[in-house]
Every structure is written in structure tokens, then in C-alpha cells.
Amino acid sequence: MSKILFNIPYKLKNFRKFKSLETFAGNGYWTKSVQKKLERKYFFKKVLLTDSCTSALEISALSLKLKKNEEVIIPSYAYPTTASAFLRCGYKIKFVDCNANDPRINHSHFLKVLNKNTKAVVIVHHAGQPEDINFFLKLKKKYKFKIIEDAAQCIDLKVGKKYLGSYGDFGCISFHESKNLHSGLGGAVIINNMDYSETAHYVWERGTNRRDFDKKRISKYTWIEVGSNFYPSEFQALYLYYQLQDISKIQKKRKEIFNLYVSNLNNLILSNKIMGMNTKLKSNYHMKYILLKNRKERNQIKKYLEKKGIHTVSHYEPLHLSKVGKKISVKNLKNSKNFSDRILRLPLHVYLSKKNIKFVCKSIENYFLA
Ligand SMILES: Cc1ncc(COP(=O)(O)O)c(C=O)c1O
């Protein structure tokens with residue numbers, strides 16, 4: 001049997017549209033078309049396409065303009081750039097723990113960390129499933145903090161009346177090749193709080209007011225914000241445009257695979273050999289993971305599957321225990337460490353056959369029989 005890869009990025013068939021490119025550098029016809037398409041399809045107020053979710057987070061952080069020591073709460077169980085975007089602006093980072101068996105923020109720990117100096121909260125929609133948005137929206141009313149949704153993995157997921165990414169002041173999405181939709185590298189910042197609309201746009205465009213120059217409002221564009229070169233090339237935007245055309249097809253396939261995993265892993269879950277994802281939460285079918293007893297068992301099973309040609313991967317290492325994170329605050333966030341130790345992500349991509357999914361599940365079963 002050939003290797004079962006963890007991810008194979010979705011490929012557009014016979015893609016020759018690059019010939020139609022007239023401009024290449026970015027912020028051209030295709031960038032604007034994708035932005036419009038995302039705004040219309042998901043009812044996002046304003047979208048700026050970026051070269052990564054990391055850039056989307058950085059635009060959010062720079063646009064917030066908090067004072068140096070104002071605090072931002074960030075989950076420890078998250079991606080490094082979820083935190084570094086805010087750290088490099090000089091903000092004070094406070095890490096928060098997750099729940100014991102799910103990666104969402106632990107409410108009671110959050111309430112301990114929250115204080116008068118909290119000016120922003122980053123919530124991460126993990127593994128294609130939503131954070132408990134209402135909990136944070138209620139507290140936002142009282143404490144007046146801003147919310148940044150790190151929805152890197154959560155394109156195309158409607159929760160309640162809105163799509164993820166449209167609940168916070170900012171939403172950040174990734175179009176990295178590991179995501180349901182991709183442009184190699186890529187991302188988008190969604191601006192829902194229009195007070196930040198102008199600033200975010202200037203930050204996005206290298207910190208200049210080139211936008212006003214293009215609209216002939218000024219005769220020369222200059223440096224007016226601390227920004228960077230955050231947008232993607234037209235190559236990426238064009239590729240993303242046609243991936244978006246295929247989104248229903250992609251999601252349908254990923255859903256089939258996800259559900260097949262659910263039914264084939266059910267016995268192992270019922271017999272308490274493994275834990276599964278929270279089935280009460282909706283999913284955009286980005287990820288399928290299982291939880292093992294501890295890091296030792298997780299690593300053993302990973303090795304066992306590798307020998308059978310099945311490529312599985314772990315996930316984030318807790319930020320508070322990382323080299324940089326330790327300098328921010330020394331805390332014992334047990335759940336984040338524990339969750340990171342136990343998680344194993346299974347192959348999930350549109351080219352995965354039913355036979356291979358069954359083989360993956362059977363192999364996990366066999367591990368426990370051995
Ligand atoms: C939660 C989260 N935020 C941010 C990122 C960074 O995304 P990108 O690679 O598009 O910068 C990732 C990467 O997967 C992620 O999982």
C-alpha cells in the first residue's frame with residue numbers, strides 16, 4: 001500500500017488561467033475580486049487579502065493601537081504567530097489555559113486573567129470548530145475589550161446567524177496549503193469594526209496612503225502608519241479565486257471523509273481507548289483529531305501508524321512553555337500542556353479514499369489489540 005499522507009493540497013485541474021494575468025504584484029483585479037467574493041458569500045463587512053493569517057493577525061494588532069502595557073489575553077494552546085503579532089507591538093500578553101479535553105478557552109481561568117487593563121482578547125477557533133463566542137461577546141459588553149478571532153482554520157463555517165470571522169472586531173483567516181482552501185500561502189483580515197477600516201487599509205498597504213492616491217484624493221502618497229507589505233501577489237489571488245469557485249465540492253468531500261472517521265472511530269471512543277472531537281460543535285471539516293492518554297501513548301501510536309505508511313501529526317506546543325513564551329510569563333497551564341501531549345491529527349484531504357480512511361481507523365484499533 002502506498003503512503004497515506006497527512007495532507008495533499010487541493011489542486012485545480014488543468015489550471016492555465018495565469019495567462020490571463022495583466023498585473024502581478026498585488027492589489028489588482030484578482031485581489032479585489034476575491035475580496036468582493038468573500039464579502040458577498042460570507043457577509044463580511046470588509047476583507048483585505050493578505051499573504052498569510054500571520055499578516056492578518058499583525059494588521060489587527062497594529063490597527064488596535066493599544067498603549068504599551070495594555071493587556072491582550074491569548075490562549076496558550078495556539079500558533080506562535082497568534083501571540084507574536086501582539087507581542088511585537090509591545091502589548092502585554094497574558095496566556096490563558098484551555099479545557100481539559102477540548103482546546104477552547106477555560107472560562108474560569110479566563111475570568112481570573114481578565115482585569116481592567118485587558119484591552120483585547122484573541123479567541124482561536126480550533127481545528128475547524130468554533131470557540132464559545134457568546135461567552136466572550138457577553139463579557140465584551142461589560143469590559144469593553146476588543147475581540148480578534150483567529151479563524152485560521154475556519155473558513156466557510158456558519159455558527160448561529162453569522163460566519164466565523166465576522167463576530168470579532170477583526171477576523172483572521174489562513175489560506176495556507178494545509179487549509180480547506182489555499183493559495184500556497186495566503187490569508188485574509190476581516191474588518192468588522194469599521195472604526196478600524198481606514199487604519200487597517202493603510203497598514204495593509206505598506207503603511208502608506210496609496211489608496212487615496214489611487215482614488216486621486218492626493219497627488220503623492222506617503223508614509224502615514226506603521227505598516228508592512230502584507231498583501232499577496234495576483235498569482236495567489238487568481239488561484240484562490242478559482243478555489244473559491246470549488247468550495248462546495250471541496251467541503252462536500254471533506255464532510256464525507258470527516259463523517260467516515262466519526263463512524264469508524266466510534267467503537268474506540270465508546271470503549272474509552274481514545275477520545276474524539278466534541279461532536280456537539282459544528283465543523284468545517286478542516287481537521288480530524290483523536291486524543292490519547294498521554295504524550296508517551298500518542299508518540300507510540302504515531303510511530304506504529306508511521307510503520308504502516310500512515311502519516312499523522314501532533315499539533316501546537318503550548319506557547320507559555322516555549323522559549324519566547326517563558327520570558328512572557330511563567331505559569332502552570334496544565335490543560336494546555338496536557339492537550340498538546342495527547343492530540344494526534346489524522347490524514348484529511350480531498351484525495352483520501354474510503355479504503356484508506358478505514359485502514360487508518362483499523363490500524364488504530366489494531367494498535368490497542370497488539
Ligand atoms: C490558529 C492559527 N493561527 C495562525 C496560523 C498561521 O497561519 P499562516 O500560516 O497563514 O500564517 C495558524 C497556522 O496554521 C494557526 O493554526
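I count a residue as buried when its relative accessible area is under 20%, as exposed when it is over 50%, and as partly exposed in between, with a 1.4 Å probe and protein chains only. This is a predicted model, in which local features need pLDDT of at least 70, side-chain atom pairs count only at pLDDT 80 or more, and totals for chains, interfaces and linings use all residues. Residues are numbered from 1 along each chain as its sequence is written, and side-chain values use heavy atoms, with hydrogens and water left out.

**Entry 1: Glu71 and its partner**

I began with Glu71, which is buried at 5% relative accessibility. Glu71 forms a salt bridge with Lys94, with the closest N and O atoms 3.3 Å apart. For a salt bridge I need a side-chain nitrogen of Lys or Arg within 4 Å of a carboxyl oxygen of Asp or Glu. Glu71 lies in strand 2 and Lys94 in strand 3 (residues 92–96), so this pair ties together parts that are 23 residues apart in sequence. Helices (H or I, at least four residues) and strands (E, at least two) are DSSP runs, numbered from the N terminus. Lys94 is partly exposed, at 23% relative accessibility.

How many salt bridges does the structure hold? I found 15. As a reminder to myself, side chains of opposite charge can pair when their charged atoms come close.

I then looked up Glu225, which forms a salt bridge with Lys65, the closest N and O atoms being 2.8 Å apart. This pair links distant parts of the chain, 160 residues apart: Glu225 is in the loop between helix 7 (210–214) and helix 8, while Lys65 is in the loop between helix 2 (53–64) and strand 2 (71–75). Glu225 is buried, with a relative accessible area of 16%.

Next came Lys337 and Asp341, whose side chains meet in a salt bridge at 2.9 Å, N to O. They are 4 residues apart in helix 12 (residues 334–342), and so are separated by about one helical turn. An α-helix has 3.6 residues a turn, so residues three or four places apart point the same way. Lys337 is partly exposed, with a relative accessible area of 34%, whereas Asp341 is buried at 11%. I also noted that Arg295, Glu317, Lys337 and Asp341 are linked in a network of salt bridges.

Arg254 sits in helix 9 (residues 247–270).

The side chain of Arg254 does reach the backbone oxygen of Leu348, at 3.5 Å. Beyond its neighbours within four places in sequence, Arg254 is in contact (heavy atoms within 4.5 Å) with residues including Asn180, Tyr285 and His286.

**Entry 2: Asn264, also in helix 9**

Asn264 is in helix 9 too. Asn264 is partly exposed, at 24% relative accessibility. Its side chain reaches the backbone oxygen of Leu260 at 2.8 Å. Setting aside neighbours within four places in sequence, I found Asn264 in contact with Lys358, Cys361 and Glu365. Asn264 and Glu365 are 101 residues apart in sequence, with 9.8 Å between their C-alpha atoms.

**Entry 3: helix 6 and its cover**

Is helix 6 (residues 197–204) mostly covered or mostly open, and how many of its residues are buried? It is mostly covered, with 7 of its 8 residues buried. Among the buried ones I noted His201, Tyr202 and Trp204. The cover includes helix 1, strand 1 (46–50), helix 2, strand 8 (170–174), strand 9 (187–191) and helix 7. After helix 6 comes Arg206, with a positive phi near 65°.

**Entry 4: the loop residue Ile218**

Ile218 is in the loop between helix 7 and helix 8. Ile218 is partly exposed, with a relative accessible area of 28%. Not counting residues up to four places away in sequence, Ile218 touches Asn209, Asp212 and Phe213. The C-alpha atoms of Ile218 and Leu64 are separated by 26 Å, and these two residues are 154 residues apart along the chain.

Key: A polar contact is a pair of N or O atoms within 3.5 Å; within protein, one must be able to donate a hydrogen and the other to accept it, and residues adjacent in sequence count only if both atoms are side-chain atoms.
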